Amino acid sequence: MRKFLFLMGSARSGGNTEELARQAAAHLPSDAAQQWLHLRDLPLPDFQDVRHVPGTVYSQPTGNERVLLDATLEATDLVIASPLYWYSVSAATKLYLDYWSGWLRVPGADFKARMRGKTMWAISAISEEDPARADPLLGTLKISADYMGMHWGGELLGYANRPGDILADEKALGEAKCFFALSG
């Protein structure tokens, strides 16, 4: 059974990116499990890179970090839903990805081995009419997936600037209907 983890990276609730993700998720098979987490509701402290500090070992995650690690490892499909913020992923999404560096080194987590073979997807609302403006966001996610041995499922981009604008993007809404069926 496939289990989709939708990670919402927006700084606001119910934004255009989330709406686009929900439009796509509505067309998943009924036997596909869905878990929705908002990164703003699971704040993480700044990531501390201690891999080169002699004698330091990354400790077992607790709190919000544990919730995110467990949900990430339990999913078969990881859907990063981040608006395009300054031509990349949101700060909350980037911080989540930074934590992967630590999870790679948590004793017993076997993070990279357990991520291998999963599928990563990207959903984003962009306020630029040129979809190439999202290339840095997509590059961040594609290269991260590749590094982890994950499959790239694809990207779903929609044009939206003000709240609710995504509902006027007929092209994106049409693509959302078959996004998970045709990709991956």
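Predicted model: local features only at pLDDT ≥ 70, side-chain atom pairs only at ≥ 80, totals over all residues.
Select Gly 149 to begin: at 31% relative accessibility this residue counts as partly exposed, a class that lies between buried (under 20% relative accessible area) and exposed (over 50%), computed with a 1.4 Å probe on protein chains only. Gly 149 sits in the loop between helix H5 (135–147) and strand E5 (151–159). Helices here are DSSP runs of H or I with at least four residues, strands are runs of E with at least two, and both are numbered from the N terminus.

Residues are numbered from 1 along each chain as its sequence is written, and side-chain values use heavy atoms, with hydrogens and water left out.

Next, display the whole protein as a cartoon. The C-alpha trace spans about 55 × 35 × 25 Å along its principal axes. The radius of gyration is 16 Å, which agrees with the value near 16 Å for a compact globule of 184 residues; it is taken over C-alpha atoms, and the globule rule is 2.2 Å times the number of residues to the power 0.38. Of the 184 residues, 46% count as buried. Among contacts between residues at least 6 apart in sequence, 79% join residues at least 24 apart.

Move to the loop between H3 and H4 and select Arg 105. Arg 105 is partly exposed, with a relative accessible area of 34%. Its contacts, leaving out residues up to four places away in sequence, are Arg 51 and Tyr 58. Val 57 is 48 residues away along the chain, yet the C-alpha atoms of Arg 105 and Val 57 are separated by 7.6 Å.

Helix H3 (91–103) is the next stop. Its 13 residues should span 18 Å at 1.5 Å a residue, and the end C-alpha atoms are 19 Å apart, which agrees; the expected span is 1.5 Å times one less than the number of residues. Show the side chains of its buried residues, among them Leu 95, Tyr 96, Trp 100 and Trp 103. The cover over the buried residues of H3 includes E1, H2, strand E3 (77–81), H4, strand E4 (119–126) and H5.

From there, select helix H2 (residues 63–74), whose 12 residues reach 17 Å from first C-alpha to last, close to the 16 Å expected. Which residues of H2 are buried? They are Glu 65, Leu 68, Leu 69, Ala 71, Thr 72 and Leu 73. Their cover includes strand E1 (3–8), strand E2 (33–38), helix H3 and helix H4 (111–115).

The tour ends in strand E2, at His 38. Is His 38 buried or exposed? His 38 is buried, with a relative accessible area of 15%. Residues up to four places away in sequence aside, His 38 touches Met 8, Glu 18 and Arg 22.

Key. Contact = heavy atoms within 4.5 Å.
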